[in-house]
Amino acid sequence: MSLQPILELKNVHSGYGSIKALKGISLKVMPGEIVAIIGANGAGKSTTLMTICGIVPIEKGEIYYDGKLINKVSAEKLPTMGLCQVPEGRRIFPRLSVMENLRLGAFHRDDTDQIMKDIQHSYEMFPILGERKAQQGGTLSGGEQQMLAIARALMTKPKVLLLDEPSLGLAPIIIQQIFDIIAKINKEEDVTILLVEQNANLALQAASRGYVVETGEITLEDEAQSLLTNPKIREAYLGE
Amino acid sequence: MIQEFKKVWKQYTIGMVWLLGLLWPMLGIHADGTLTFQKTITIWSYILAGSFVCFMIYIMKSGSSFKFIADPVSRAANGVKSASAALPIWVWITVAVVLALIYPQLAGRYGTDVAITVLFYICLGLGLNVVVGLAGMLDLGYIAFYGVGAYTYAILNVTYGLAFWVCLPLSALTACIAGCIVGYPTLRMRGDYLAIVTLGFGEIIRIILNNWMTLTNGPNGILGIKPIGIFWPMFENGFTFEHIWVKKLQFFYYFALGLAIVTAIGVQRLNFSRVGRAWESIREDETAAELMGVNTFIYKLLAYAMGAVFAGMAGAFFAARMKFVSPESFTFLESAMVLCMVVLGGMGSIPGIILGVVALIALPEIFRELESYRMLVFGATMIIMMLFRPAGLIPAKRMGTRSEEKEG
Ligand SMILES: Nc1ncnc2c1ncn2[C@@H]1O[C@H](COP(=O)(O)OP(=O)(O)OP(=O)(O)O)[C@@H](O)[C@H]1O
Ligand SMILES: [Mg+2]
């Protein structure tokens with residue numbers, strides 16, 4: 001493992017007009033890690049990911065990806081560079097088929113043969129998508145949509161995957177499946193993962209390190225295991 | 001069951017009384033102040049009788065007392081369906097093209113005239129479909145680009161004497177530039193806002209055409225535009241090409257047909273390309289598209305520009321056909337009409353749009369005697385459409401077909 005972080009935020013500020021959602025976020029993700037960001041509703045977790053991806057413009061601070069400053073890189077260039085996000089609420093393309101959704105993940109690629117192979121590979125990883133490949137994305141169940149969203153992002157061939165609340169609105173058994181898949185993607189496909197979750201318990205179990213965000217600032221940073229046993233965290237985020 | 005019937009009958013009665021209330025002011029109140037009832041009652045009773053029969057059939061069918069007829073009918077319908085599925089698509093296209101080719105021989109002058117109008121609107125509908133159906137941006141000022149194309153040819157031809165075939169690409173180009181100018185500042189807007197801004201821009205272009213006296217001759221329009229000129233091979237004294245003007249309506253029909261076919265092929269190819277995929281992703285979810293690496297700005301601008309190019313080319317043909325252009329041909333009503341055709345036919349579906357155009361142009365021509373009821377029928381058709389076929393007459397076959405083709 002190299003010592004240079006693959007993704008690094010230094011004192012990042014951003015927001016929506018007069019609303020300052022991020023007030024100095026700094027964090028590091030090392031290659032091959034799973035890092036969790038936990039925090040209450042409205043803490044600024046999604047905004048952090050959207051700022052990394054260039055959808056929400058950054059106001060102050062620096063974002064480095066793979067050693068390069070990406071503050072000014074526009075959103076659509078990032079998948080080409082290997083940085084991709086599975087947004088909150090999945091946001092698959094509802095009236096396009098499963099297959100079309102996957103093809104859009106490979107939008108920036110032109111290696112058609114390899115794309116077809118990768119689509120087959122997605123079907124192997126998510127057999128349910130293979131069964132539903134001609135079905136419209138919007139008619140899939142919540143869990144299936146989440147799988148499709150992850151599979152679509154994997155089609156971009158990411159080095160770093162940002163996941164925003166993959167457990168949102170899913171039944172416990174499905175959540176378990178999704179998290180197994182996340183672990184698998186991290187190990188087998190060698191994808192570094194930055195995971196945002198409300199479900200702190202799950203996230204910290206899957207991750208090696210974690211950050212706690214409160215009203216736009218990082219208030220705590222530690223090994224996932226220590227966060228899990230930290231009494232303050234247990235009280236605030238694990239409901240004890 | 002009985003309860004349900006009661007409810008249905010009640011609604012039916014209310015509906016018929018309401019229709020009477022609606023019909024009488026239109027038929028019974030005359031301009032000279034006299035009131036009559038005779039005509040209203042007669043027409044109303046016809047409608048009553050007709051709808052009663054339909055209604056009875058419907059009820060008997062839902063009560064399945066019609067099995068003996070319904071079964072064979074549905075079997076036949078299924079048969080037709082499977083037969084149509086068995087024949088490959090190119091057979092249908094060939095049949096359609098052959099029919100279109102011999103059409104002017106069968107139809108008279110008037111029929112050909114209507115057909116040319118239909119072909120123009122097909123080009124417009126297909127072009128607008130790129131913006132509305134594929135990229136999902138509601139554009140209420142689309143006809144302005146048609147106007148820009150028409151005026152480009154008119155001005156270049158009348159003032160500078162340039163030939164049609166030189167002007168055609170120039171018309172496309174100016175429309176494209178106009179599209180970019182309108183598109184560029186509006187691209188940040190979505191949904192309702194975009195619709196209103198495009199409406200405004202469409203009107204601005206029309207008003208410019210109306211007021212720029214020195215260039216466009218204002219509301220008087222431009223007269224004396226030359227028709228299309230072509231070189232026709234002649235065999236009389238050796239083999240020579242002779243320059244002739246396409247003045248005959250029948251000849252012009254073939255040019256309009258050619259344009260419509262070119263437009264259809266162009267739109268089809270765009271739709272099935274990487275560009276089409278990008279457009280559809282923008283329509284579905286712009287942010288997600290951006291996250292997947294689609295440059296939404298460029299592709300939205302491209303959608304505008306391509307839509308405008310198709311309209312501009314149609315505009316040049318329109319000017320050549322009419323030999324006269326004036327701002328009146330490019331009002332908001334026209335934009336709304338084209339949009340109706342696209343929505344009625346089925347957004348994103350080429351055969352659907354063709355059918356939509358035929359339904360909104362040709363049928364009103366056929367029912368010309370109804371004159372003042374045309375708008376009533378028009379409104380009723382739209383409502384019925386919304387109820388029964390909300391996705392259009394021939395909805396786009398989105399689900400998977402395109403992908404499966406690629407895979408196979
Ligand atoms: N589009 C927007 N316009 C204005 N303010 C916004 C917008 N999106 C988010 N905010 C505000 O920014 C702050 C951070 O929101 P964000 O979505 O990042 O929270 P979050 O941590 O992801 O919460 P949750 O867990 O509920 O998803 C909130 O106060 C929110 O109201
Ligand atoms: Mg969030």
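Which strand and which helix of chain A each supply at least two residues of the shell around ligand 1? I will come to that in a moment, but please keep in mind throughout that what we are looking at is a predicted model.

The answer is strand S2, residues 19–29, together with helix H1, residues 45–52, both in chain A. Helix H1(A) gives the most to this shell, contributing three residues. There are 14 residues around ligand 1, and those that come nearest are Asn41(A), Lys45(A), Ser46(A), Thr47(A) and Gln198(A). If we sort the shell by residue type, we find five nonpolar, six polar and three charged residues.

Let me turn to some individual contacts. The side chain of Asn41(A) places a polar atom 2.6 Å from an oxygen atom of ligand 1, and for Ser46(A) a side-chain N or O atom is likewise 2.6 Å from an oxygen atom of the ligand. Glu88(A) has a polar side-chain atom at 2.8 Å from a ligand oxygen. On its own, ligand 1 has 630 Å² of accessible area, and the protein covers 63% of it.

Now to the sheet, which is open and mixed in its pairing, with six strands of chain A in the order S6-S7-S8-S3-S9-S10. Strands S6 (83–86) and S10 (217–223) of chain A each have a single partner strand, so each of these edge strands has one side without a neighbour in the sheet. Within the sheet, S7 (residues 160–164) and S8 (residues 192–197) of chain A run parallel and are joined by five bridges; one bridge pairs Val160(A) with Thr192(A) in S8(A). Finally, helix H6 of chain A, residues 142–154, lies across S6 and S7, running at about 170 degrees to S6(A).

Key
Residues are numbered from 1 along each chain as its sequence is written. Chains are lettered from A and ligands numbered from 1 in the order in which they are written. This is a predicted model: local features need pLDDT of at least 70, side-chain atom pairs count only at pLDDT 80 or more; totals for chains, interfaces and linings use all residues. Side-chain values use heavy atoms; hydrogens and water are left out. Two strands pair if DSSP finds at least two bridges between them. Helices (H or I, at least four residues) and strands (E, at least two) are DSSP runs, numbered from the N terminus. Contact means heavy atoms within 4.5 Å. Axes are lines fitted to C-alpha atoms, for helices over the stretch in contact, and angles run from 0 to 180 degrees between N-to-C directions. A residue is near a molecule or strand if one of its heavy atoms lies within 4 Å of it. A polar contact is a pair of N or O atoms within 3.5 Å; within protein, one must be able to donate a hydrogen and the other to accept it, and residues adjacent in sequence count only if both atoms are side-chain atoms. Accessible areas come from the Shrake-Rupley method with a 1.4 Å probe; for residues, only the protein chains shown count as cover. Ala, Val, Leu, Ile, Met, Phe, Trp, Tyr, Cys and Pro count as nonpolar, Asp, Glu, Lys and Arg as charged, and the others, Gly among them, as polar.
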